[in-house]
Every structure is written in structure tokens, then in C-alpha cells.
Amino acid sequence: MSRFFSSRYAALEPYTPGEQPRDMQYVKLNTNESPFPPSLKAQEKAAQTLERLRLYSDPECTELVRTIAKRYGIGTDEVLFSNGSDEILDFAFMAYCDREHPAVFPDITYGFYPVFAEINCISSRQIPLKEDFSLDPEDYKEAGGTIFIANPNAPTGIALTKEQIGQILLDNPDNVVVIDEAYVDFGAESCVPLIHSHENLLVIQTFSKSRSLAGARLGFAVGNRELIRDLNTIKYSFNPYNVNSMTMAAGIGALEDEEYTVQNCRIIQKNREYTVNELKKLGFSMTDSLANFIFVQHPDISGEELYRKLKENGVLIRHFTKERISNYNRITIGTRQQMDILLDRIRQILQ
Ligand code: PMP
């Protein structure tokens, strides 16, 4: 830290992203990226924008907004795009948390939530998940703050139903409930249809997972027009051109090729089922994941050792040091071929 660094951030512990190693070619199952390339339409559209990069990007993301609004049957003033969903999550922390509205989220969830709270000088309360890592909506009765729930949750993959989330919304009428649906396309139920019946609901999605555009950085929020107006106030006070032209074009291309996304999600779901069954045969136990990753542990090898040995053998998975989950690893679901390499290496390690 330099002697010039603001004292406000002196104690800030930044988020640790998954490794993006350049030293060798790994079977990369550590950051929940898609194993499939972006849709060809997305690639073509992005390439066509090159000559227009002289100009600033459209601050309103007009075409993207129109396409998503049409898809969900909502107004164009009920959607806002961002530079990845991390950015719009941060906007939500800025917009809806303060001294009277601390951030409330589970003890085991997306590791960026505590960092967003910290950087915005917001206090937070963590509600422990049940022993089996499930979330009991009863624990969120009058939670006393702005609620952030990843659904499916990360890193467990466990999902709540739309009805369970509806209950949390009803139990917290004076607080915003942010549902982070980064992984919703792999088998869980989206809460977008609830935005008109619940004025306190904000749903956040990303193009990073099911649409294979993690590197393009594209996310969005859906909520009633007042909530979206709040987020626009933050956005236009921060970076009006937060989504670049190439990304916008790639996003539109991806949305035009929905069949490709749906088909890829189906393959991931099939590969998830296959991997779970094979790992169970090897003695692993895991949570019931509806995401593009699984969360596993084995009675004979620690989470840390399995992570390390797999890395030595060219397979990267995600290990967390947080005590409650330190014996677990999160494994991204890739192609069938990647899963077979993973299983093969695990069999060798266990022998
Ligand atoms: N929410 C959750 C639960 C995530 O795991 C991630 C990915 N790290 C994000 C949001 C952010 O994704 P992105 O910024 O790539 O849209």
C-alpha cells in the first residue's frame, strides 16, 4: 500500500477471482465459463463493429434493451445493461444499502457480496445456510436490510423455487431483494415474471455463463421502472458508456441465436448428471446443483489436496479456504471430453 492510499480502503480485502493461468494448457474447470465458443452470430456482429469503435457506445444499449424487453414481455424502462453483472450488483449495493439498510446475504454465497459491501462502507449481516447448505426462507423473515441471494447459489448450486423467493419478497416489503440469476439457465426457475407483482424485486442476469460471453463482460438487471431509474442514476454518475460497442453487438448476436444457448445448456445439464453419477461411484458426495458447476467432497482426500493434485495433473478446479467449505471443491461442468479427463485424473489420484 502506498502512503497515498485512502484510509477508507486500508482494510479492504479484494475479491479473489479464479486463476486464469497462462503457463500451460489446463482443462479449465475453475471459473464456471462455458466450454463452448460464443455463437457465430455473436462473433460476426462483434467483428462488424470494429470500424465504429471511433464513436462512443450507445449509453442506452437501445437494441439490447429492446430485445430483452420483448423476450420477457416487459417494458424497455424495466431493463438496464452493465459491464458484466458484477458491475450492476455493485450498483445495487450503492443504490439500496445504507446505515438503515445493511446488506443481508447467506454465509456461504458469492464471495463478491462482502467485498461490494466493504468498498461501499456498508455493514452486512450473514445468515448461515442450513447444515446441508440449503437456504431456509424462514431465516429471511423481516431480514432488516437489503437482501442479496444468488439463485442458484454459488458455490453450492442449490436453487430456491419461485414460490420460496415470492415468500421472501412478501416477508420484506420495505427492503429490496436482489436475486442474482447468474446460473439460472442451467435448470432453475427465473423470478423475472415476479417483477410486476413485487415492487421490491430486482433480478440480475449475465451473458458470461450460458451465452459464452464471459470475456465480453455483459450483464443486466430487470425490475420495475423506479428501481431501474435508481440504477441509472448510479450508472450515469459512474460511467455512462459502461457497455462497449463490440460487447453490445455480441450480446445482440447471442440473443438472436437463442437455440444455440438452449442447446448448450442442455448439454451442460446432461454432462452434470453424468459427472455426478461417476463421482458418486468414486465415493464423492455433493450438493444438488442446478448450475453449471458441482460442489463436491470426498471422505478420503481433503479439498485442498484434491485441488492441488488435479492442478499438478493439468486440471484446474476451484478450492475455497473459508472454513465451513474448505473440504469442498467447486467443479465447472465442461464438455463430455473434459469431464472424462477430470474423472480419469481423479481415479488415478484416489488409487
Ligand atoms: N454472480 C455470481 C453468483 C457469480 O458467480 C458471478 C461470476 N463470478 C457473477 C455474478 C458475475 O458474473 P459476471 O460479472 O461475469 O457477469
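**Close-ups of a predicted model**

View 1. In β6, Asp180 is the bridge partner of Ala150. This is a predicted model, where local features need pLDDT of at least 70, side-chain atom pairs count only at pLDDT 80 or more, and totals for chains, interfaces and linings use all residues. Residues are numbered from 1 along each chain as its sequence is written, and side-chain values use heavy atoms, leaving out hydrogens and water. Strands β5 and β6 run parallel and are joined by 4 bridges. (Strands are DSSP runs of E with at least two residues, helices are runs of H or I with at least four, and both are numbered from the N terminus; two strands pair if DSSP finds at least two bridges between them.) β6 is covered on both faces: Val177 and Ile179 are buried on one side, Val178 and Asp180 on the other. Buried here means under 20% relative accessible area, with a 1.4 Å probe and protein chains only.

**View 2. The open sheet.** Here 7 strands line up in the order β2-β8-β7-β6-β5-β3-β4, with mixed pairing. Look for β2 (79-82) and β4 (124-127) at the edges: each has a single partner strand, so one side of each is left without a neighbour in the sheet. On average, neighbouring strands are turned by 20° against each other, direction ignored. (Axes are lines fitted to C-alpha atoms, for helices over the stretch in contact, and angles run from 0 to 180 degrees between N-to-C directions.)

**View 3. A helix on the sheet.** Helix α3 (residues 84-96) packs on the sheet and touches β2, β3, β5, β6, β7 and β8. Touching, or contact, means heavy atoms within 4.5 Å. The direction of α3 makes about 160° with that of β7.

**View 4. Helix α9 and its buried face.** In α9 (residues 303-312), check out Gly303, Leu306, Tyr307 and Leu310, which are buried. Seen down the axis of α9, the buried residues fall within an arc of 100°, so they line one face of the helix. (That arc is taken from the directions from the helix axis to the C-beta atoms.) Their cover includes β11, β12, β13 and α10. After α9 comes Gly314, with a positive phi near 85°.

**View 5. Two helices side by side.** The axes of α8 (residues 258-281) and α10 come within 10 Å and cross at roughly 10°. That makes α8 roughly parallel to α10, a label for angles under 35 degrees. Residues making the contact include Tyr274 and Leu279 of α8, along with Met339 and Ile346 of α10.

Terms used. Buried means under 20% relative accessible area, exposed over 50%, partly exposed in between (1.4 Å probe, protein chains only). Angles under 35 degrees count as roughly parallel, over 145 as roughly antiparallel, 65 to 115 as roughly perpendicular and the rest as oblique.
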